[in-house]
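Below is a short report on a two-chain model. It takes the interface, then each chain, then selected residues.

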Amino acid sequence: MEIQLIVALVIALALVFDFTNGFHDTANAMATPIATGALKPKMAVAIAAVLNFVGAFLSTEVAKTISGGLIKEGDGGIQITPALVLAGLIGAIVWNLVTWLLGLPSSSSHALFGGLIGATIVGAGIGAIDGAVLVSKILIPALLAPLTAGVIAFLVTRIAFGITKKKERDGFKKGQIFTSSLVSLAHGTNDAQKTMGVITLTLIAAGFQEPGDGGPHIWVIFVCALAIALGTYSGGWRIIKTLGRGITDVEPAQGFAAEAATTATILASTHFGFALSTTQVASGSVIGTGIGRKGASVRWRTAGRIALGWLVTIPAAGAVGAIAAFIASFGIAGILIDVVLAVGTIVFIFLWSRRSTVDSRHFHQPEPGAFVRPKKKKKGNRR
Amino acid sequence: MIDWLAFVSVVISALVAACLVVTLFSLALRLGDGTETWRKGVSVTLFVVCGLAVLFGIYLIVPALHQIA
């Protein structure tokens, strides 16, 4: 009975995490098309939601070890228990909500890793964490991702502005629809997998699924796809505002250039197996395109806040995960206290966010030409 | 521990791909602006090439397309 309850709680929390993952990352694909008016806000999140849902079904190849070797598992290592996964998920969810409240685009994967690391340290000691893997798989890529995307976005912004004339640049809006859709699809194929991996790991650990069963059950794929799509549709408007308006003012040509850089970098990183965070790539692209356009200015204070958020993500999610793991170590009562605290925190952050709502209406744009072009004066009957 | 070769591959391929697509799309917009008939044709052709790039992107995203089972 006890194990069923824990597994059910882990699945529920994993889906909550999946939901926060969706609304946290809508901005990566859709902040720039919304900012330039290439897509209406509601339309943009609807497209992103559908593509995330579809994307979740596209890849059958599951990340068997979602920890990616970070936590020493198997022989001579430690057994990560469902209670630790639960604690890790709480850390990830709480940190995702805090960064959302602050409007910071931070990596959901890092939040998940951080939460799991924190929980594992409390549950199994610091020795269970592979420091070298932490540096090479997370810290160094976190520097390289925005740098790479930023340089590429800078160059292609220069190209786009060099070739086209001012009156032609509205055409880039059509291109933006395609590039941002590709980012959304790629996001769906990658990110819903993480939650599927967590749920499948838990099912295996609890003995509800054979280890060699080959990937997640179809119902797991379906609920994960649904959760990430709903999260995406609800739109993390605060983060969209930061990425689309906060860092720099994005014009259609810049939006297209930034998304082309983001898409190319993400697809290349997946193809060559050098994992880069989508959030960090997308943020780097926006900064790069801000530097690339003459006369545009980058608000470095905002960029600095975002970078600080990235630095803090793993330790902060880890701290919450560690506290949750400590409480969970008191058995089933501890786990229930954990869940109650987590739900309380979620409700509190939600209520706090109502003090200043940011939603799709903040991105209203006048129809192009509605105010810009004054009516031509009639000069007699000359044609 | 860092797979620098993979990273360099990522940078080069992403750089080339992004520059190519943005150049083609920009040229397509630039040429689509004129009145001469040849410009229209070239412009449409360039848009089609950009469309092919999008299809290649989908090919890369969907594992079933590039992994022979």
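## The interface

The contact between the chains takes 30 residues from chain B and 38 residues from chain A. Two residues are in contact if their C-beta atoms, placed from the backbone, lie within 7 Å. On chain B, helix H1 (4–31), helix H2 (37–61) and helix H3 (63–66) each supply at least two residues of the side that touches chain A. H1(B) gives the most to that side, with 19 residues. Helices here are DSSP runs of H or I with at least four residues, strands are runs of E with at least two, and both are numbered from the N terminus.

The side of chain B that touches chain A divides into 22 nonpolar, five polar and three charged residues. Ala, Val, Leu, Ile, Met, Phe, Trp, Tyr, Cys and Pro count as nonpolar; Asp, Glu, Lys and Arg count as charged; the others, Gly among them, count as polar.

## Model and confidence

This is a predicted model: local features need pLDDT of at least 70, side-chain atom pairs count only at pLDDT 80 or more, and totals for chains, interfaces and linings use all residues. Residues are numbered from 1 along each chain as its sequence is written, while chains are lettered from A and ligands numbered from 1 in the order in which they are written.

The pLDDT is the predictor's confidence in each residue, from 0 to 100. Chain A has a mean pLDDT of 84, and 88% of its residues reach 70 or more. Over residues 368–373 of chain A, the pLDDT is below 50. Beyond near neighbours in sequence, this stretch has three contacts in the model.

## Chain B

Chain B has three helices and zero strands. From the N terminus on, its elements run α-α-α. The radius of gyration of chain B is 17 Å, well over the 11 Å that the globule rule gives for 69 residues, so chain B is more spread out than a compact globule. That radius is taken over C-alpha atoms, and the rule is 2.2 Å times the number of residues to the power 0.38.

Along the principal axes, the C-alpha atoms of chain B fill a box of roughly 55 × 30 × 10 Å. Of its 69 residues, 26% count as buried. A residue is buried if 20 or more other C-beta atoms lie within 10 Å of its own, exposed if 12 or fewer, and partly exposed in between; the C-beta atoms are placed from the backbone.

## Chain A

Chain A has 12 helices and zero strands. Buried residues make up 56% of its 383 residues. Among contacts in chain A with a separation of 6 or more, 89% join residues 24 or more positions apart.

H9(A) is mostly covered: 18 of its 20 residues are buried. At 1.5 Å a residue, its 20 residues should span 28 Å, and the end C-alpha atoms are 28 Å apart, which agrees. The expected span is 1.5 Å times one less than the number of residues. Gly273(A) follows H9(A) and has a positive phi, near 70°.

Thr265(A) lies in helix H9 (residues 252–271) of chain A. It counts as buried because it has 32 C-beta neighbours inside 10 Å. Not counting residues up to four places away in sequence, Thr265(A) touches Thr148(A), Ala149(A), Ile152(A), Leu276(A), Val281(A), Val10(B) and Ala14(B).

## Pro315(A)

Pro315(A) is in helix H11 (residues 300–328) of chain A. With 14 C-beta neighbours inside 10 Å, Pro315(A) counts as partly exposed. Pro315(A) and His110(A) are 205 residues apart in sequence and 9.7 Å apart in space, C-alpha to C-alpha.
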